[in-house]
Amino acid sequence: METVSSIREFHNLINGELVPASFGRKIDSINPANGNVWARVPSSTAEDAENAVAAAKQAFPKWARYSAMERAAFLRQIGDLIAQHGEELAMLETNDSGWVIRETSYGLIPALTSIWYDAAGATAIASKGETIQLSPTSFGYTLREPLGVVVGILPWNAPLFTFTIKAAYALAAGNAVIIKPSEFASVSSLRYGEILNTILPPGILNVVSGDGEVGEALVSHKEVNRVTLTGSGNTAKAIVRSTAQAPKPLTFELGGKSPNIVFADANIEKAVEGVTTNGIFTGNAGQICVGGSRILIQRPIFEEMVSLMKEKMREDLRLGDPLDPSTTMGPIANEIQYNKVRNFIEIGVQEGGTLIAGGRYGEDALSVKDARFSNGYWVEPTLIQVQRNSLRICQEEIFGPVATVMSFETEEEALAIANDTSFGLGAGVWTTNLACAQRMIKTLQAGNVWVNTYRRVGPELPFGGVKESGFGKDSILENTQEKTCVIEVE
């Protein structure tokens with residue numbers, strides 16, 4: 001068991017200073033791999049939110065007056081700095097959320113660097129307007145201006161990535177930023193804030209951890225000019241209610257129930273990888289918003305595909321120490337989510353689904369028994385065959401390493417099943433028929449469609465959802481407001 005002295009404590013970043021929460025309140029951070037307390041973070045209050053907003057508001061005017069090139073210089077410095085702290089950040093992210101080190105170290109950290117560099121290059125976009133000749137003696141033009149104070153609400157499954165997406169482009173556009181990480185995974189974000197604070201002017205970036213109390217105080221604050229959330233639909237609804245009296249731009253990237261559709265003419269070898277290890281059975285245990293949790297396979301290849309998928313799962317998925325580079329899947333990130341995922345597996349079977357792979361949890365899910373992790377939140381990659389898309393496990397987001405698999409006959413049937421959901425974040429299509437691919441792209445109700453690949457994202461492309469998967473993008477222009485000006489010269 002951890003001793004008190006070995007438990008690290010982290011602090012909020014407000015106005016360039018590291019400070020505890022008011023009244024000294026703290027939250028225990030649990031390592032999901034072993035169930036032990038490994039750190040403590042501030043449990044902030046409305047008073048802390050007020051201080052963070054005041055700091056951001058005060059710092060904003062000077063930052064907004066910087067030229068695009070000056071802001072870009074700061075962001076490039078951050079990109080350069082991340083590599084120096086990459087090993088530390090990757091380890092904190094793994095300990096905090098369970099996301100395996102082979103992905104946080106070799107995939108996540110380079111992605112963060114790339115985003116900061118991309119944001120630096122995007123600063124000029126936020127400064128460009130248009131000029132229109134209205135008459136021989138008058139013309140109109142538009143200006144892009146920063147919004148002011150932007151609040152970013154983070155999820156617990158990918159704190160550093162979402163922190164970067166929300167902060168980098170808001171800062172590039174000239175805004176001041178307050179980041180509120182999930183109370184279940186705040187450590188990496190708080191430390192990230194410390195690191196970025198060595199580059200940025202005081203108050204331009206603030207990080208405040210805590211539960212819904214501080215979140216409510218931030219999003220409802222009259223001096224906050226934009227809120228961007230990556231999280232659950234329930235949180236989004238709460239934010240809408242909180243901002244009703246002081247409306248402001250909102251961006252929501254919410255859940256998904258993404259279909260991953262395999263046609264009979266697909267490259268089966270690539271499709272198997274695309275729907276298993278890359279689609280849903282990921283390094284962070286399927287806790288990913290675009291996880292392909294509904295696998296649809298055309299009937300002529302159904303049995304072959306399922307057999308190959310099960311073989312792939314047996315051979316390539318290894319659950320164990322997340323800090324071991326050979327581990328390919330980590331634990332569920334927190335106890336509440338762990339119990340939810342376990343419950344959904346039971347519901348799936350009770351509803352008539354057939355458990356065809358996985359289903360074990362706790363110590364039994366580990367690839368190799370290891371007493372160090374016997375109390376961790378482990379769930380075995382699980383595949384449940386279903387006959388109807390109406391089951392709860394097909395309609396509700398599970399957010400774990402659990403997928404349903406279902407057969408279909410025709411393109412029309414596949415499309416009908418795929419769109420039969422309240423969500424619309426992602427979709428995958430596996431086919432060598434270009435005409436089929438184009439038809440599916442046009443008719444799938446999803447903000448992102450991948451063909452013969454899955455989960456390919458990058459700063460070069462927008463990312464967002466439709467229907468109950470949210471709206472808006474964390475792009476440079478959504479962090480600005482457009483002003484129209486008309487001048488009569490005579």
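**Close-up views of a predicted model**

View 1. Glu-253 is found in strand β12, which spans residues 250-253; helices (H or I, at least four residues) and strands (E, at least two) are DSSP runs, numbered from the N terminus. The model is a predicted one, in which local features need pLDDT of at least 70 and side-chain atom pairs count only at pLDDT 80 or more, while totals for chains, interfaces and linings use all residues. Residues are numbered from 1 along each chain as its sequence is written, and side-chain values use heavy atoms, with hydrogens and water left out. UniProt, in an unreviewed entry, places the feature "active site" at Glu-253; UniProt positions are given in the numbering used here, feature names are shortened, and annotations may be inferred rather than shown by experiment. Glu-253 counts as buried because its relative accessibility is 11%, where buried means under 20% relative accessible area, exposed over 50%, and partly exposed in between (1.4 Å probe, protein chains only). Leaving aside neighbours within four places in sequence, Glu-253 is in contact (heavy atoms within 4.5 Å) with Leu-229, Thr-230, Gly-231, Cys-289, Leu-425, Phe-463 and Ser-469.

**View 2. The annotated domain.** For "domain: Aldehyde dehydrogenase", an unreviewed UniProt entry lists residues 25-481.

View 3. About 230 Å³ of space lies in the second largest pocket, a volume being the space filled by probe spheres set on grid points that are joined across faces, edges and corners. On a 1 Å grid over the protein atoms alone, a pocket is an open set of points where a 1.4 Å probe fits, with protein on both sides within 12 Å along at least five of seven lines, and lining residues have an atom within 4 Å of a point. The lining is made up of 13 residues, of which Met-313, Arg-314, Leu-317, Glu-380 and Pro-381 lie nearest the pocket centre. Helix α10 (residues 302-316) provides the largest share of this lining, 3 residues. By class, the lining has 7 nonpolar, 2 polar and 4 charged residues (Ala, Val, Leu, Ile, Met, Phe, Trp, Tyr, Cys and Pro count as nonpolar, Asp, Glu, Lys and Arg as charged, and the others, Gly among them, as polar).

**View 4. Strand β8 and its partner.** Strand β8 (residues 149-153) is mostly covered, with 5 of its 5 residues buried: Val-149, Val-151 and Ile-153 lie on one side and Val-150 and Gly-152 on the other. In the parallel sense, β8 pairs over 5 bridges with strand β9 (residues 176-180), where two strands pair if DSSP finds at least two bridges between them. Ile-153 stands opposite Lys-180 in β9.

**View 5. Two loop residues with positive phi.** Most residues other than glycine have a negative phi. Asn-15, in the loop between β2 (12-14) and β3 (17-19), has a positive phi near 55° and counts as partly exposed at 36% relative accessibility. Arg-455, in the loop between β19 (448-451) and β20 (470-471), has a positive phi near 65° and counts as partly exposed at 23% relative accessibility.

**View 6. Cys-436 in helix α14.** Cys-436 is found in helix α14 (residues 434-443) and is buried, with a relative accessible area of 5%. Not counting residues up to four places away in sequence, Cys-436 touches Phe-263, Glu-411 and Thr-431.
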